[in-house]
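Got your viewer open and a selection tool ready? Let's walk through the packing and the rings, one selection at a time.

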Amino acid sequence: MVSAVDSLPQSALANASQFPIGNEWRERLDLTLLKQVWSLSYRQTQALIQQCMASKGFSYEPVEFVYNTDLLYRALNPLNDDIALKYGYHPPPIPGAMDANDYSQPGFLVALDGSESSQESGCAQSAYVTVNALSQAATDDAAAVLRRLSETTSGFDASGEGRAAWDAWAECMRSRGYPVATRSELSLEFAVAPDISGEELQARHADLDCDRLVGLTMTQSSWEQTRFAAFLVEASGTWSEVQAELEDALQALVAL
């Protein structure tokens, strides 16, 4: 048995997938400015919370900003051997930020989050409103472009290529003793268990072998890549405008 919260093999997520699918296409965009705005917005919010909490007599330790979204999408790629063969159908533990604050201190949570009748009196809300006013418009516009990317590259399963690839995968899985039509059937069966069993890992190993044998994920990646290329042409002007917005937001945050 393997604990579902066992340590994550970082080497398994060190590189972009050879055959990206789904939200992995975001890595093919230049998200440098967006990540900088996310990071600085978070750090500025934490700094304002610290100042506000100090004015109320509390010591608050800013929580570190951790960007792990790319790691999550890489971990979810069906062809990630290290993840699949260690965690099966369980989601792997993605490292997050450490929070050193003691929220059990009397009055701490009220000072931080405000009261039930007045969240605005809390340091977190006031800091969020201040910082968000400088960055929300730009990050919302960036999010709209990313949603458009997701919409453009989705739909493989319902396509002719997708149905054929899944049928071939299902036939392969049946030949190995797994009478399922989709991967989600196995995921629903195993992922609810608190621990990762040998039976689950055997099923995931067969799944991985069949995926490679029939080219399921590889076909999906190729199908989506064509649509990603079309998205780049369609959204290039909008993305350039968003980049300018993000640059302005970043400068405003720096000046805060």
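The stops below cover the nonpolar cores and then the aromatic side chains of this predicted model.

**Stop 1: the main core.** Start by selecting Phe-231 and Leu-246, which touch the most other members of the largest nonpolar core, a set of 22 residues. Now colour helix 1 (32-55), helix 5 (123-153) and helix 9 (216-255): each supplies at least two residues of this core. The largest share, 9 residues, comes from helix 9.

Stay with Phe-231 and show what surrounds this residue. Leaving aside residues up to four places away in sequence, Phe-231 touches Leu-29, Val-145, Arg-148, Leu-149, Thr-152 and Ser-236. Apart from this core lies another one, of 17 residues; Phe-156, Ala-165, Tyr-178 and Leu-216 are among them.

**Stop 2: ring pairs.** The whole structure holds 10 aromatic pairs. For a stacked one, pick Trp-38 and Tyr-67, with 5.8 Å centre to centre and 20° between the planes. Trp-38 sits in helix 1 and Tyr-67 in the loop between helix 1 and helix 2 (69-76), 29 residues apart. Trp-38 counts as partly exposed because its relative accessibility is 31%, and Tyr-67 is also partly exposed, at 26%.

Phe-58 belongs to the loop between helix 1 and helix 2, Phe-108 to helix 4 (residues 108-113), 50 residues apart.

**Stop 3: a charge over a ring.** Finish at Trp-223, where Arg-227 lies over the ring face, 3.6 Å from the ring centre.

Notes: Residues are numbered from 1 along each chain as its sequence is written. This is a predicted model: local features need pLDDT of at least 70, side-chain atom pairs count only at pLDDT 80 or more; totals for chains, interfaces and linings use all residues. Side-chain values use heavy atoms; hydrogens and water are left out. A nonpolar core is a set of buried Ala, Val, Leu, Ile, Met, Phe, Trp, Tyr and Cys residues joined through side-chain atoms within 4.5 Å. Buried means under 20% relative accessible area, exposed over 50%, partly exposed in between (1.4 Å probe, protein chains only). Helices (H or I, at least four residues) and strands (E, at least two) are DSSP runs, numbered from the N terminus. Contact means heavy atoms within 4.5 Å. Rings of Phe, Tyr and Trp (its six-membered ring) pair if their centres lie within 6.5 Å; planes under 30 degrees apart count as stacked, over 60 as edge-to-face and the rest as tilted. A charge sits over a ring if NZ of Lys or CZ of Arg is within 6 Å of the ring centre and within 35 degrees of the ring normal.
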